[in-house]
Amino acid sequence: MFLLNGERRHCVDVSDRGFQYGDGLFETIEVFQSKPLFLPRHLKRLQKGCERLLIPLPELTLLEDEAAQLCVGVERAVLKIIVTRGSGGRGYRQPDSIVPTRLLGLHPFPQYPDCFQRDGIVARFCEQRLAINPVLAGIKHLNRLEQVLARAEWRSDDVQEGLMLDYDEHVVEGTMSNLFFVKNGVLHTPLLVNCGITGIVREIVIDFALCNNIVVCEQQFDKQSVLAADEVFVTNSVIGVWPIRRIDRQCFGVGRITRTIQQGYAQAREADTKL
Ligand SMILES: Cc1ncc(COP(=O)(O)O)c(C=O)c1O
């Protein structure tokens, strides 16, 4: 089910700059019991992305209303919001008057086995690197070629996520998730100033840790620091918090802090459902 600029259709004009250049942004949101979860946080990141790319943000109340309209009676799904610069302009040059395109779509919620949450997943380091670009870092823009190439590096269902480094050998995030690790009781997560997406769940996890006396260290780390961790986990809006039980040949236990964070996220999710 789709809403394109408020109407029930989904055929975007081929001249749309989102299609031509990836000139736009997106949000992927969990829908539970008719409610798009953590919507204000998603809209805030979308707003920041629009400001960064100089795209006029559609009215937030309009996006909220349309999201609510699509989610009526939906038990569980994934809501994707795409905002592009719309059509027009000559080549890369933007049109003088920008009319953004907004597309909201509902997609089936992926069914992952319970053991991913409970026992953890297997991850691998990817060869494909993330380019350093502070202007594009943090936002969820439409150009995801690095993630697509990284995800093409493996086909086996025995591996659930790939971890990506930048060209300075810093570990940044997963192909579809943010990365955390615990060492000596301290929660570590890569600083996302050069590349990567500042995830909504990442934000919730950091807020929860800070409120629960878990020290958080946000800085740049190399591969060895991650492999030397006591606990490792990845996060995103659809998977929630997945512990990692193995990266390449290195095994990890699912530790106390990971369990506490999983509970914290479950509580935040439940509280948001009832809002
Ligand atoms: C590359 C990448 N990083 C991080 C995330 C996590 O973002 P969020 O927690 O907002 O879902 C995603 C989610 O799709 C992603 O694709």
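Trainee: What should I keep in mind about the model and its numbering?

Mentor: This is a predicted model, in which local features need pLDDT of at least 70 and side-chain atom pairs count only at pLDDT 80 or more, while totals for chains, interfaces and linings use all residues. Residues are numbered from 1 along each chain as its sequence is written, and side-chain values use heavy atoms, with hydrogens and water left out.

Trainee: Good, let's start inside. Why is Val31 called buried?

Mentor: Buried means under 20% relative accessible area, exposed means over 50%, and partly exposed is in between, using a 1.4 Å probe and protein chains only. Val31 has 0% relative accessibility, so Val31 counts as buried.

Trainee: What does Val31 touch, and where does Val31 sit?

Mentor: Val31 is in strand β2; helices (H or I, at least four residues) and strands (E, at least two) are DSSP runs, numbered from the N terminus. Contact means heavy atoms within 4.5 Å. Setting aside neighbours within four places in sequence, Val31 is in contact with Pro36, Cys71, Val74, Glu75, Arg76, Ala77, Val78, Leu79 and Leu106.

Trainee: Which residues touch the most other members of the largest nonpolar core?

Mentor: A nonpolar core is a set of buried Ala, Val, Leu, Ile, Met, Phe, Trp, Tyr and Cys residues joined through side-chain atoms within 4.5 Å. The largest one has 22 residues, and Val31, Leu46, Leu79, Ile81, Leu104 and Leu106 touch the most other members. At least two residues come from each of β2 (24–32), α2 (39–53), α3 (60–71), β4 (76–84) and β5 (101–108). Helix α2 gives the largest share of this core, five residues. There is also a second, separate core of 21 residues, which includes Ala123, Val232, Ile244 and Ile247.

Trainee: And which residues are in contact with Leu104?

Mentor: Beyond its neighbours within four places in sequence, Leu104 contacts Met1, Phe2, Leu3, Leu63, Glu66, Ala67, Leu70, Leu79, Lys80 and Ile81.

Trainee: On to the aromatics. Why is the pair of Phe116 and Trp242 called edge-to-face?

Mentor: Rings of Phe, Tyr and Trp (its six-membered ring) pair if their centres lie within 6.5 Å; planes under 30 degrees apart count as stacked, over 60 as edge-to-face and the rest as tilted. By this rule there are seven aromatic pairs. For Phe116 and Trp242 the centres are 5.1 Å apart and the planes stand at 75°, so this pair is edge-to-face.

Trainee: What makes this pair a tie between parts apart in sequence?

Mentor: Phe116 lies in helix α4 (residues 114–118) and Trp242 in strand β13 (residues 240–247), so the pair ties together parts that are 126 residues apart in sequence. Ring pairs also link Tyr112, Phe116 and Trp242 into a cluster.

Trainee: How do you know whether Phe116 and Trp242 are buried or exposed?

Mentor: Phe116 has 12% relative accessibility, so Phe116 counts as buried. Trp242 has a relative accessible area of 2%, so Trp242 is buried as well.

Trainee: Is Met176 buried, exposed or partly exposed, and what makes it so?

Mentor: Met176 has a relative accessible area of 34%, so Met176 is partly exposed. Met176 is in the loop between β8 (171–174) and β9 (178–183). Not counting residues up to four places away in sequence, Met176 touches Gln160, Glu161, Asn236, Ile239 and Trp242.

Trainee: Now the ligand. Which residues come nearest?

Mentor: A residue is near a molecule if one of its heavy atoms lies within 4 Å of it. Of the 16 residues around the ligand, Arg45, Lys140, Glu173, Ile200 and Ser237 come nearest.

Trainee: Why is Arg45 called buried?

Mentor: Arg45 has a relative accessible area of 9%, so Arg45 is buried. Arg45 is in helix α2, and a polar atom of its side chain lies 2.9 Å from the backbone oxygen of Thr198.

Conventions. A polar contact is a pair of N or O atoms within 3.5 Å; within protein, one must be able to donate a hydrogen and the other to accept it, and residues adjacent in sequence count only if both atoms are side-chain atoms.
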